[in-house]
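Dear colleague,

I am handing over the structure below for you to look at alongside my notes. Please read them with the coordinates open.

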Amino acid sequence: MSHSLNIDKLDLQIISEMSTDAGISYAELGKKLFVSGGTIHVRIKKLHEMGVIKGTRLQVNLRAIGYDVLAFIGIYLEKSSLYESVAKQLLKIPQVVRLNYTTGAYSMFAEIICKDSAELRKILQDDLQHIKGIERTETIISLEESFSRPINVSEVL
C-alpha cells in the first residue's frame, strides 16, 4: 500500500515520530531525522493532501477535567442494513467518541466517555435505547487504561 501512495522511509519516520509527539516542531523533527525543517514541512503537507495524515490531536487526561467513566458499548442491531442510520444517530451523542462496525458478537462497538455513572445511565436509557434499529446493548466499563500507543509505521519498508 505505501508504495502505491509513493510513501518512502522518511515519510514513515515522520509519521512515526509525530504519532508519538504531534507537537514537535518541524525544525526539531528535521534535526532528529537529519533533514531540514522545510523538508519536513513539505512532506507533512504532501501526507495531508494524500489523506495519510488526517490532523493532529491533543491528548488530554480526561479524569483530570472531570470525565471519570470510560465505557464500551456492544450494540446489537435488528438488521445489519441499519448500520448507517444508527451510526448517524450515535454521531449526535457527544459522549460517543468512537464507533466501529464489527464482526463477532456485536454489530457495532462504541466507546463512550462520561462524567459519572449517572450520565452513563442517562445516555444508555434515554439516548441509545430510543434509536430505531438498536435491538439491545451490552456495556463494559473500563476500570483503568493500562496503555495506549501508536503503531510503529517506520518499520513497514
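In this predicted model, the residues of helix H2 that meet helix H3 are Tyr 26, Ala 27, Leu 29, Gly 30 and Leu 33, and their partners in H3 are Gly 37, Ile 40, His 41 and Ile 44. By class, this contact of H2 with H3 has six nonpolar and three polar residues, and no charged ones. The axes of H2 (residues 26-33) and H3 (residues 37-49) come within 7 Å and cross at roughly 105 degrees, which makes H2 roughly perpendicular to H3.

For residues 7-68, UniProt lists "domain: HTH asnC-type" in an unreviewed entry; over that range the chain is 53% helix and 0% strand, with the end C-alpha atoms 40 Å apart.

Turning to the aromatic residues, the structure holds four aromatic pairs. One of them, Tyr 76 with Tyr 106, is edge-to-face, at 5.3 Å centre to centre and 70 degrees between the planes. This pair links distant parts of the chain, since Tyr 76 lies in strand E1 (residues 69-77) and Tyr 106 in the loop between strands E2 (96-101) and E3 (108-114), 30 residues apart.

Tyr 101 is partly exposed, at a relative accessible area of 46%.

Terms used
Residues numbered from 1 in each chain as written. Predicted model: local features only at pLDDT ≥ 70, side-chain atom pairs only at ≥ 80, totals over all residues. Heavy atoms only, no water. Axes fitted to C-alpha atoms, helices over the stretch in contact; angles between N-to-C directions. Helix = DSSP H or I, 4+ residues; strand = E, 2+ residues; numbered from the N terminus. Parallel < 35°, antiparallel > 145°, perpendicular 65-115°, else oblique. Contact = heavy atoms within 4.5 Å. Nonpolar A, V, L, I, M, F, W, Y, C, P; charged D, E, K, R; others polar. UniProt positions renumbered as here; feature names shortened; annotations may be inferred. Phe/Tyr/Trp six-rings, centres within 6.5 Å; stacked < 30°, edge-to-face > 60°. Buried < 20%, exposed > 50% of the residue type's maximum accessible area, 1.4 Å probe, protein only.
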